[in-house]
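Work through the exercises below with the sequence and the model open. Try each task before reading its solution.

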Amino acid sequence: MESYKLLFNEYIKMYRPYVNQLNVLLTAFNLTTAQWSIIYFIFREGAKTIGDISLYQNVEKPTTTKLVQKLSELGYVEIHAGNDKRVKIVQLSEEGMKVYGQVREKIDHFQKGLLEGISEEEQLIVARVLKDISGKLNYK
């Protein structure tokens, strides 16, 4: 099999089981991977608008709004009006910061377990390749 076919086939075979296992891990916090991705983004980048989050997630604003509303109901984020009242600013709440730390610890343990026996150099190569491919997908 050609290397490019092998690469994408292995990625596809890995993706669903990975997301499924991650979702199982996140159920203890009433989260999905999509919601966790929003928490992670806000933790890393600071308060963001619904539009910013939509761009990061590559999903439509109504979908992002529903995800953020659920996070607000859980007490993980706070939503404030921006300078323009139509713009909503989302930031992590105190509870969201606490949950971020707890979830991050569990995910770190899970991911490190998956990478046992794979050198840091190999991990960095795969990360670079996936980032390069992702960049090509996002610009088409």
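**Exercise 1. A loop serine**

In which loop is the place of Ser 93? Then decide whether Ser 93 is buried or exposed.

*Solution.* This is a predicted model: local features need pLDDT of at least 70, side-chain atom pairs count only at pLDDT 80 or more, and totals for chains, interfaces and linings use all residues. Residues are numbered from 1 along each chain as its sequence is written, and side-chain values use heavy atoms, with hydrogens and water left out.

Step 1. Ser 93 sits in the loop between strand E3 (88-92) and H5. Helices (H or I, at least four residues) and strands (E, at least two) are DSSP runs, numbered from the N terminus.

Step 2. Buried means under 20% relative accessible area, exposed over 50%, and partly exposed in between (1.4 Å probe, protein chains only). Ser 93 has 7% relative accessibility, so Ser 93 counts as buried.

Step 3. Look for its partners. Not counting residues up to four places away in sequence, Ser 93 touches Gly 75, Tyr 76, Val 77 and Glu 78. Contact means heavy atoms within 4.5 Å.

**Exercise 2. The chain as a whole**

*Solution.* Step 1. The chain has six helices and three strands.

Step 1. Take the contacts between residues at least 6 apart in sequence: 50% of them join residues at least 24 apart.

**Exercise 3. Helix spans**

Check the end-to-end spans of H1 and H2 against expectation.

*Solution.* Step 1. The expected span of a helix is 1.5 Å times one less than its number of residues.

Step 1. H1 (residues 3-26) has 24 residues, so it should span 34 Å; its end C-alpha atoms are 34 Å apart, which agrees.

Step 2. H2 has 13 residues, so it should span 18 Å; its end C-alpha atoms are 18 Å apart, in agreement.

Step 3. Now list burial. In H1 the buried residues are Val 19, Leu 22, Leu 25 and Leu 26. Their cover includes helix H2 (33-45) and helix H5 (94-114). In H2 the buried residues are Gln 35, Trp 36, Ser 37, Ile 38, Ile 39, Phe 41 and Ile 42.

**Exercise 4. H3 against H4**

Repeat the analysis for H3 and H4, then inspect the loop between them.

*Solution.* Step 1. Helix H3 (residues 50-57) and helix H4 (residues 61-73) pack at about 105 degrees, their axes 9 Å apart. That makes H3 roughly perpendicular to H4.

Step 1. Ile 50, Gly 51, Ile 53, Ser 54 and Gln 57 of H3 meet Lys 61, Thr 64, Thr 65, Leu 67 and Val 68 of H4. The classes are four nonpolar, five polar and one charged.

Step 2. The loop between H3 and H4 holds Val 59. At 32% relative accessibility, Val 59 counts as partly exposed. Leaving aside neighbours within four places in sequence, Val 59 is in contact with Ser 54 and Thr 64.

Step 3. Asn 58 lies in the loop between H3 and H4 too. Its phi is near 60 degrees, a positive value in a residue other than glycine. With 57% relative accessibility, Asn 58 counts as exposed.

Methods
Axes fitted to C-alpha atoms, helices over the stretch in contact; angles between N-to-C directions. Parallel < 35°, antiparallel > 145°, perpendicular 65-115°, else oblique. Nonpolar A, V, L, I, M, F, W, Y, C, P; charged D, E, K, R; others polar.
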